[in-house]
Amino acid sequence: MSSQKILAPYNFTAYDQKALDFIIRTFAHLEDVEITLFNTYTPVPEIDVRATPMMEKLKSNISFLSQKIKEQEEGLKTAKQKLLQNGFSASRVHYIFQPRKKDVAAEVIALAKNQNFNLIVLNSKPGKLSHFFTGNLFSKVINALKDTTVCVVS
Amino acid sequence: MGIEDKIDIDIFKLVTRAISESNNIVIMANHLTQLLVGTLGIKGCAIFILNPELKELEALASFGLSIDYMTKGPVLSDKSVGSALGKEPVIIRDVINDDRLQYPEDAKKEGIGAIASIPIMLYGKPVGALRLYHHETWDISGRDLDSLLLLSEIIGLAMVYTRNLNVLQSIKGAIDDVHPIWLKDR
């Protein structure tokens with residue numbers, strides 16, 4: 001079992017790429033480190049599908065919606081591949097792609113606690129305004145976890 | 001022949017219900033984009049928040065658009081979709097023959113034929129944009145445009161609500177942190 005378990009929430013932005021580069025630079029040469037990339041998707045809402053033309057149309061488009069979610073998972077696999085191409089062995093890199101039930105911070109905190117991650121690599125774009133509406137991921141994570149190192153790539 | 005309306009009362013009910021049933025702005029926004037894509041049969045949909053300091057549109061949620069397209073570069077509010085920072089919607093009915101796009105080549109590569117950008121207003125000021133992307137050229141009926149404007153107003157209200165909820169949760173957290181010893185009578 002690896003002595004260092006790293007959790008890296010990944011959402012395909014340029015800052016997520018920077019965080020991935022940081023992980024490669026810092027940990028690729030260390031054998032005793034395991035990385036887990038983490039991304040969530042919002043499941044299609046449950047819909048009361050009555051026999052109206054619009055609902056029928058929506059029903060027929062559900063497979064398209066599911067296909068788009070699969071494409072998101074492919075993006076996560078590409079990020080995993082980047083780690084493998086840059087010095088990590090397959091046994092040291094994992095990914096978790098799961099439906100989102102609460103906000104991302106709560107998902108990250110629950111995962112870190114349940115699976116005993118001891119390092120979390122987050123990223124933050126300076127001056128980002130959407131935090132005003134969504135809440136700040138790293139302040140929530142830092143306040144909720146103990147005995148865990150949190151790195152913020154900015 | 002007039003332009004066909006795509007948005008009927010059933011669609012409106014469905015998307016407004018998705019808004020009212022969620023207290024998380026990201027999940028709500030994602031559901032909204034999924035439902036608009038699924039019911040209207042369009043290529044994609046995105047909701048942006050305007051960052052007036054950086055003059056950028058930050059993606060809050062998107063659906064149907066590729067990761068490459070959504071990460072193509074900063075979406076500048078004064079250059080994207082004919083400077084869609086105003087209070088009026090901007091409709092690009094034919095992407096190929098329109099010069100109001102910031103990333104025209106990326107749009108073509110993505111297979112986007114038309115874009116409708118609807119401002120999200122708060123207290124009379126734009127705070128974001130609801131954008132719908134169609135595979136082909138798109139003439140939006142006046143009635144559909146009215147529906148989308150109304151929907152964007154509801155999104156604006158939902159954004160205020162979730163912001164206030166975040167503030168309340170922060171205050172609750174701060175109050176919970178108050179140690180009972182500090183509240184003892186002196």
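This is a predicted model: local features need pLDDT of at least 70, side-chain atom pairs count only at pLDDT 80 or more; totals for chains, interfaces and linings use all residues.
Which exposed residues does helix 1 of chain A carry on the face turned away from its buried side?

Chain A contains an open sheet of five strands with parallel pairing, in the order 3-2-1-4-5. Strand 3 (93-99) and strand 5 (149-153) of chain A are at the edges; each has a single partner strand, so one side of each lacks a neighbour in the sheet. On average, and with direction ignored, neighbouring strands of this sheet are turned by 25° against each other.

One pairing can be followed residue by residue. Strand 1 (residues 4-9) of chain A pairs with strand 4 (residues 119-123) of chain A in the parallel sense, over two bridges. Ile6(A) has Leu119(A), in strand 4 of chain A, as its bridge partner.

Helix 1 (residues 14-27) of chain A lies across strand 1, strand 2 (33-41), strand 4 and strand 5 of chain A. Relative to strand 4 of chain A, helix 1 runs at about 145°.

The buried residues in helix 1 of chain A include Asp16(A), Ala19(A), Leu20(A), Ile23(A) and Phe27(A). These cover an arc of only 100° around the axis, and therefore sit on the same side of helix 1 of chain A. To return to the opening question, the face turned away from that buried side carries the exposed residues Ala14(A) and Arg25(A).

Methods: Residues are numbered from 1 along each chain as its sequence is written. Chains are lettered from A and ligands numbered from 1 in the order in which they are written. Two strands pair if DSSP finds at least two bridges between them. Helices (H or I, at least four residues) and strands (E, at least two) are DSSP runs, numbered from the N terminus. Axes are lines fitted to C-alpha atoms, for helices over the stretch in contact, and angles run from 0 to 180 degrees between N-to-C directions. Two residues are in contact if their C-beta atoms, placed from the backbone, lie within 7 Å. A residue is buried if 20 or more other C-beta atoms lie within 10 Å of its own, exposed if 12 or fewer, and partly exposed in between; C-beta atoms are placed from the backbone. The arc is that of the directions from the helix axis to the C-beta atoms.
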